[in-house]
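Open the model in a viewer and have the selection tool ready. The stops below go residue by residue.

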Amino acid sequence: MPEIYEKIFVNNKNWVQEKLDKDPEYFKKLSLGQKPPILWIGCSDSRVPANEITGTQPGEIFVHRNIANMVIHTDMSMLSVLDYAVNVLKVRHIIVCGHYGCGGVLAAMTNKEVGLIDNWLRHIKDVYRIHKDEIDSIKDEEEKANRMVELNIQEQVLDLAKTSIVQNAWKSKQKIYLHGLVYDVGNGYLKDLNVTVEDEHNLDYVYKLSSKTIF
Ligand code: CO
């Protein structure tokens, strides 16, 4: 059996002991339920662990991760997480966190066929198309990729605002802030991209939903 696989159980036992040493009731309290104030939508990349880089504890962040931290409005998994986070957990902050050097974004910037994942990466190509002029004007390859990572995060924040789930919450006066963050794998720092959206005011009218209409 691979050593790393056996090691996770040893690590787990040590972790349990550490927690119990600090608070014998730790797991008993956690088992009562969760009320995290934050939903985190991040990349599946193993170098970007939500709790660890934010110094948050179990129970503090509700997490959804996929390749390149995408908010795709036909993705039932993402929508289910979002619906539960907004309507049951009543989170106040939703964070889309991307990271520099994201393999998904890099792959989407090429024309190379990879396989099934091309269909997922298509959504990132759409972001490229929307910001084509800006991206293509950047000559340095690393800078170009970094900017693309940032713009992808920005678009996913807007995609959250376009969902009926978030729009209905805002309509019922539920305060929800949508934030775009980028993580630098090379130095460990999180950066706020200052693209926070907290209401539907700046949402393109095309995406605004009003009371149900019968056609
Ligand atoms: Co990534």
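Select Glu 150 and Arg 147: their side chains meet in a salt bridge, with N to O at 2.9 Å. A salt bridge here is a side-chain nitrogen of Lys or Arg within 4 Å of a carboxyl oxygen of Asp or Glu. Glu 150 and Arg 147 are three residues apart in helix 8, and therefore separated by about one helical turn. Helices (H or I, at least four residues) and strands (E, at least two) are DSSP runs, numbered from the N terminus. Glu 150 is buried at 14% relative accessibility, while Arg 147 is partly exposed at 24%. Buried stands for under 20% relative accessible area, exposed for over 50%, and partly exposed for what lies in between (1.4 Å probe, protein chains only).

The model is predicted: local features need pLDDT of at least 70, side-chain atom pairs count only at pLDDT 80 or more, and totals for chains, interfaces and linings use all residues. Residues are numbered from 1 along each chain as its sequence is written, and side-chain values use heavy atoms, with hydrogens and water left out.

Glu 134, Arg 147, Glu 150 and Lys 191 are linked in a network of salt bridges.

Helix 8 covers residues 141-162, and Glu 141 is found in it. Glu 141 is exposed, with a relative accessible area of 57%.

Two others to select follow.

- Arg 122 and Asp 126 form a salt bridge at 3.7 Å, N to O. They are four residues apart in helix 6 (residues 118-130), so about one helical turn separates them. Arg 122 is partly exposed at 47% relative accessibility, and Asp 126 is partly exposed at 22%.
- Asp 45 and Arg 47 form a salt bridge in which the closest N and O atoms are 2.7 Å apart. Asp 45 is buried at 15% relative accessibility, whereas Arg 47 is partly exposed at 43%.

Turn next to the backbone. Select Ala 68, in the loop between strand 2 (61-66) and helix 4 (76-87). Ala 68 is not a glycine, yet has a positive phi of about 70°. Is Ala 68 buried or exposed? Ala 68 is buried, with a relative accessible area of 0%.

Then select Asn 194, in the segment after strand 5 (190-192). Asn 194 also has a positive phi, near 55°, in a residue other than glycine. Asn 194 is exposed at 66% relative accessibility.

Last, zoom out and colour by domain. The protein is divided into domain 1 (1-32) and domain 2 (34-207), with bounds from an automatic or database domain assignment. The centres of domain 1 and domain 2, taken over C-alpha atoms, are 30 Å apart.
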